[in-house]
Amino acid sequence: MLVCLAAPLRFTVRFRAAFAPQEFHMRNRLLCVVTGLIAVLAFSTMASAQAPPSKEAMATAKEHCGQPGQPGTQYQVLCSDTKTPGPAPKHDISGSWSGPIGAMRGDPFPPMTDMGKKMASVNHANGAVNVADSNDPLNHCDPLGFPRSAVFELRGLSIGQMPNRVLILSQYERIWREVWTDGRALPKNAGSDAPGAPDPRYYGYSAGHWDGDTTFVVDTVGTDDTTWLDNGGHPHSSDLHVTERYERVDHDTLKVSVTVEDPKVYAKPFLLGTTVYKWIPEQEFEEQLCIPSESQAYTDAIARPAGEKK
Amino acid sequence: MRPKLALAFLLVGILAVCGTAFAHHGNVAYQDKPIDLKAGTVTKFIWTNPHSFIMFDITNDKGEVEHWAVEAGSPSALSPRGWTKNSVKPGDMINVTVFQARNGNTVGRLAKIVFPDGKMLHDSQDRDTQAAGAGAGAGQ
């Protein structure tokens, strides 16, 4: 993989070698060749890392990231890195980030309102172990929706900053969200039955602003109420208001918290989940799609026969 | 909501958001002990999220052809174990160690496959590699 960047920017790249991580400062044309080599070396190091990680590595990963990630994954390897990263740039959370499969739990779910309990009785995970019987909309490759996409399937996250908005891109399902930073107000009543109210969206309507030099705050409203808050199928209404905080801790670390407020369903606001993301050295993540035809083939070939009562 | 149901709901919610013990669904449908299947002929290999799967035919002791479908991890889980999308092709001959479905159907969860030249590929959930790595580690 040869990555050539024309911009005359100073660029710091690290790669994880078997013996010692090294740091390169590169310019211009040199950027082309060296990035390619590093990408190849980093990639081959990952691919050939068949030996399971040591206990120390896993402990370091847990210390840095709050959860160590699955052994052998890119996330675990990045979390286990002991090199001191550079400082956080100001007002910059852009780049590609490696995350775990799922966020760390925040607060316990608060008590539900009567309406919340009613929704939960109709729309919740049926707990079916077998995929063929499960009612998780993900199994049909339906959209994750927001904020579930911020707490589940977090393996790759990319952020691009434009003059009037920030784009948040998820590796899973190639989801992209627009977060407006031009000071516009979020729509009122999005997703409600009020006349003229904007339709709800799977990924809502978002606006964001900086809090200090290194934390970007995102507000989201108008999410579609057929999506689940989490894998447990917890419901939410379209009145849900989500606050995400993206804190650039240092050059290589992005801490994200997701707070949920939905007075129609939950008695009080609560922290849904937190994640520590790590800078991806080669700045590229995989394509990870849920493909309906393959999902169906899996259900027919494996899930249904495995779950069949005989 | 009844208290017990609420508690179960809460537990599922907790486990769901906690990223460490992740599974879309469990392996409850499969036996605890694996079995070895010899001389399977691959008919299909689907390299996909969230579960890859291999379909192969085995001729059993009675001379009947059994059609098997065995699931494994996702591409990103299998890659660190040495898999690629070309690791298995239709027509390949493989020996398969599999956790068969409890209901006796010819489906299951892969433990590992062994090629005629001795090369092994382990599923992402398989722990054999760790044990083998600690010992002589032959046949890897």
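Predicted model: local features only at pLDDT ≥ 70, side-chain atom pairs only at ≥ 80, totals over all residues.
## Confidence in the model

For the complex, it gives an ipTM of 0.70 and a pTM of 0.74. Chain A has a mean pLDDT of 83. In chain A, 82% of the residues reach 70 or more. Chain B averages 78. There, 72% of the residues score at least 70.

In chain A, pLDDT stays under 50 over residues 1–49. The model has 58 contacts beyond four places in sequence for that stretch. Chain B has such stretches too. Over residues 5–24 of chain B, pLDDT stays under 50, and the model has 38 contacts beyond four places in sequence. Over residues 129–140 of chain B, pLDDT again stays under 50, with nine contacts of that kind.

## Chain A at a glance

Chain A has 310 residues, and 38% of them are buried. Its secondary structure consists of five helices and twelve strands. Take the contacts in chain A between residues at least 6 apart in sequence. Of these, 62% join residues at least 24 apart.

Sequence and space can both be checked on one pair. A:Lys83 and A:Pro292 are 209 residues apart in sequence. Their C-alpha atoms are 42 Å apart in space. A:Lys83 sits in the loop between helix 3 and strand 3 of chain A. Is A:Lys83 buried or exposed? It is exposed, because 12 other C-beta atoms lie within 10 Å, and a residue with 12 or fewer counts as exposed.

## The nonpolar cores

The largest nonpolar core has 42 residues. Those with the most contacts inside it are A:Trp97, A:Val151, A:Leu254, A:Val258, A:Val260 and A:Tyr277. Several elements of chain A each supply at least two residues of this core. Among them are helix 2 (55–65), helix 3 (74–79), strand 5 (156–161) and strand 12 (270–279).

Look at A:Val260. Which residues does A:Val260 contact, leaving aside its neighbours within four places in sequence? They are A:Pro147, A:Leu229, A:Leu240, A:Val242, A:Pro269, A:Phe270 and A:Leu272. A second, separate core has 29 residues. It includes B:Phe45, B:Ala72, B:Ala77 and B:Phe99.

## A strand with two partners

Strand 3 of chain A covers residues 95–98. Four bridges join strand 3 to strand 5 of chain A, and the two run antiparallel. Two bridges join strand 3 to strand 12 of chain A, also antiparallel.

A:Trp97 has a bridge partner in each of these strands. In strand 5 of chain A, the partner is A:Leu157. In strand 12 of chain A, the partner is A:Trp279. A:Trp97 is also among the core residues with the most contacts.

Helix 5 of chain A runs over residues 292–307. It has a kink of about 45 degrees, centred on A:Thr299. Its buried residues include A:Tyr298, A:Ile302 and A:Ala306. An α-helix has 3.6 residues a turn, so residues three or four places apart point the same way.

What do the buried residues of helix 5 of chain A pack against? They pack against three strands of chain B: strand 2 (53–59), strand 3 (65–71) and strand 5 (107–114).

## Chain B at a glance

Chain B has 140 residues, of which 37% are buried. It has three helices and six strands. From the N terminus on, the order is α-β-β-β-α-β-β-β-α. Of the contacts in chain B with a separation of 6 or more, 51% come from residues 24 or more positions apart.

## Backbone exceptions

Most residues other than glycine have a negative phi, and most peptide bonds are trans. A:Pro147 is in the loop between helix 4 (114–122) and strand 5 of chain A.

With 16 C-beta neighbours inside 10 Å, A:Gln283 counts as partly exposed. B:Ala39 lies in strand 1 (residues 35–46) of chain B. It is partly exposed, with 13 other C-beta atoms within 10 Å.

Conventions. Residues numbered from 1 in each chain as written. Chains lettered and ligands numbered in written order. Buried ≥ 20, exposed ≤ 12 C-beta atoms within 10 Å, placed from the backbone. Contact = placed C-beta atoms within 7 Å. Core = buried A, V, L, I, M, F, W, Y, C linked by C-beta atoms within 7 Å. Pairing = 2+ DSSP bridges. Bend = angle between axes of the 7 residues up to and from the residue. pLDDT = per-residue confidence, 0-100.
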